[in-house]
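Notebook open, structure loaded. I'm jotting down what I looked up, in the order I got to it.

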Amino acid sequence: MLMTASLLVIIGGISVYREISKKQTFTDITNEVPWGIYVVAYFYLAGIGGGLLLLSAAGGLLVPGIAGVTAQLALGFFVGAGFSLLLDLGRPERALKILYMKKQSPMFWDFIGLTVGLGGAALLFIWQPRAESAFFARMVIGLLSCVMVFAAEGWTLNLCPGRGIWNEPLITVVFILEGFASALALLLFFREGPPGVIANGLLAVMTAVLILNFWQFSGKYFLPREPGRRNRKQEVKGVLPLRIAACALLLIAGGKGWILLAAILVLAAGFLEKFEQVLIPQILMAYGQGNEYKHAPKYKLEANKGLIVAGLFGIAGLTYEMLNLLLPLLTG
Amino acid sequence: MRLGMVIDLKRCVGCQACVAACKVEHGTPEGTYFTKVLKYERGSYPNARLINMPRLCQHCAEASCVKACPTGASRHLENGIVMIDHSLCIGCRYCMAACPYNARSFIHNTRTGLPGGSGEQPAPCASMEKGTVSKCNFCQERVKEGRKPSCVETCPAGARFFGDLDDPHSEISVLAGRANARQLYPEAGTDPKVFYLE
């Protein structure tokens with residue numbers, strides 16, 4: 001993994017350099033679509049980080065030995081999420097101005113959520129006592145950090161009066177469950193032996209996510225329409241088939257290879273969901289403003305930016321590997 | 001004082017003179033317009049109508065962009081104008097996401113396309129910083145001098161009116177109080193200070 005992560009970081013670094021040298025940073029941003037692929041990557045990486053925190057705190061009771069690896073992975077993902085936020089800033093050198101403590105801004109709480117998540121993951125990674133009484137304290141730390149991460153994400157997506165399509169509080173619950181499912185799927189790649197309880201847990205969580213996705217998809221047909229606004233339609237068309245396939249594989253297939261394929265589908269669906277529920281709602285616009293434009297607003301995904309996002313995943317992996325090296329030093 | 005604007009849609013002929021005047025006044029970068037005139041059809045044949053809809057920052061009293069800004073770069077002035085302090089802007093674009101009117105632009109290059117730069121290069125934009133967000137400021141500098149915004153002065157059809165909404169005797173207050181005056185997307189709860197006469 002060290003080699004792959006390093007390669008991704010190098011590719012991402014070269015892509016960033018290319019963008020800066022050709023002055024092509026933020027060419028995907030328009031008045032109508034202000035947030036692009038880096039914000040999608042932030043929601044995905046921070047979401048998995050939050051799910052891993054939950055798994056590290058609560059999952060340790062169910063599956064012994066996963067508390068350490070999940071906290072370590074969570075740290076990696078939060079570091080990746082932090083870099084995605086920095087990349088998304090027009091003036092990253094001024095990032096610390098967020099500390100002006102303007103508490104009504106969701107961006108401030110995104111920063112706090114990420115910091116608390118990072119701190120919680122670091123604490124759970126370093127502090128792994130054997131005493132059973134410590135499980136409760138770990139659970140509280142993990143749960144609180146996880147709630148902070150997702151509450152900040154949820155608020156950001158509920159921020160916009162102009163994008164009423166986002167005003168769907170259910171999205172926070174979907175993201176928590178989706179983060180937890182992605183964390184379970186990821187864990188399957190990091191554990192030796194039969195998937196057993198983790199695969200069963202993944203199936204249970206995915207079923208819940210699917211039910212919520214179906215609600216989001218069908219809700220447009222019977223939710224009351226708010227005056228002057230679009231229906232509260234959520235874009236989950238691409239996610240549904242992937243998730244149904246993953247659930248079917250988990251339910252029917254027995255071999256570890258099939259379960260790992262299901263895990264890949266779960267992770268892919270997680271990224272697609274962030275794309276569909278963060279990016280597309282911006283394009284749809286709440287008050288039908290799109291009708292006023294000759295051409296409907298579009299988001300143009302550039303290949304180079306895709307490579308930079310791959311680099312963000314590389315940063316997450318590289319952080320995980322670096323922590324492997326640090327672990328003996330920290331634990332003596 | 002609460003500065004605002006009234007735009008008479010019946011008078012607007014869609015000539016884009018306001019767009020050009022604004023572009024020259026602010027020297028905005030290529031592809032960035034602080035005011036636009038959108039043209040779209042309303043209704044269907046045989047009752048279809050072409051609408052010229054001038055759009056600009058609505059300088060909302062309950063501006064969602066001001067609330068969303070994490071650094072305080074977006075703020076209200078005493079006269080009600082919503083301003084951006086470019087030295088504080090970190091380019092997070094939360095304000096753009098929060099604005100229902102798509103009135104804000106992200107400055108990813110400062111090349112204006114207007115003459116005046118060194119050699120054969122076009123002039124760079126002097127008033128905006130790369131990597132920050134910018135928008136209409138009701139021509140704050142002109143207003144300080146007691147003049148009207150450049151789009152209002154330029155409009156050949158006299159479709160734009162500018163003044164103090166708090167003064168009950170001002171022309172703009174009377175126009176904004178008319179039955180056919182409406183705000184854009186009032187359901188967003190932002191209380192815009194730009195009114196459209198239909």
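**Interface.** I started with contacts, meaning heavy atoms within 4.5 Å: 41 residues of chain A touch 40 residues of chain B. This is a predicted model, so to speak of local features I need pLDDT of at least 70, and side-chain atom pairs count only at pLDDT 80 or more, while totals for chains, interfaces and linings use all residues. For bookkeeping, residues are numbered from 1 along each chain as its sequence is written, chains are lettered from A and ligands numbered from 1 in the order in which they are written, and side-chain values use heavy atoms, with hydrogens and water left out.

Next I looked up buried area, which is the accessible area (1.4 Å probe) that two parts lose on being put together, summed over both. Between chain A and chain B I get about 3400 Å², with carbon and sulfur atoms giving 53% of that. Asn31(A), Arg94(A) and Glu292(A) supply 20% of the area that chain A buries against chain B, more than any other three residues.

Which residue forms a salt bridge with Arg94(A)? I find Glu129(B), with the closest N and O atoms 2.4 Å apart. My rule for a salt bridge is a side-chain nitrogen of Lys or Arg within 4 Å of a carboxyl oxygen of Asp or Glu. It finds three across the interface of chain A and chain B.

I also asked for polar contacts (a pair of N or O atoms within 3.5 Å; within protein, one must be able to donate a hydrogen and the other to accept it, and residues adjacent in sequence count only if both atoms are side-chain atoms). Between the two chains, 19 residue pairs qualify, both residues being at pLDDT 80 or more. Helix H4 (residues 106–126) of chain A gives the largest share of the side of chain A that touches chain B, at four residues. Helices (H or I, at least four residues) and strands (E, at least two) are DSSP runs, numbered from the N terminus.

**Aromatics.** I searched the whole structure and got 11 aromatic pairs over all chains. Ring centres of Phe, Tyr and Trp (its six-membered ring) must lie within 6.5 Å; planes under 30 degrees apart are stacked, over 60 edge-to-face, the rest tilted. Phe26(A) and Phe106(B) have centres 4.8 Å apart and planes at 65°, so I logged the pair as edge-to-face. This pair crosses between chains, from the loop between helix H1 (2–21) and helix H2 (37–62) of chain A to strand E6 (residues 105–106) of chain B.

**Within chain A.** Glu273(A) and Arg243(A) meet in a salt bridge, 2.9 Å from N to O. Glu273(A) is in helix H9 (residues 256–284) and Arg243(A) in helix H8 (residues 239–252), so the pair ties together parts 30 residues apart in sequence.

I noted a cis peptide bond joining Tyr45(B) and Pro46(B), omega about 5°. Pro46(B) lies in the loop between strand E2 (36–42) and strand E3 (49–55) of chain B. His59(B) has a positive phi of about 45° although it is not a glycine.

**Confidence.** The predictor gives the complex an ipTM of 0.85 and a pTM of 0.89.
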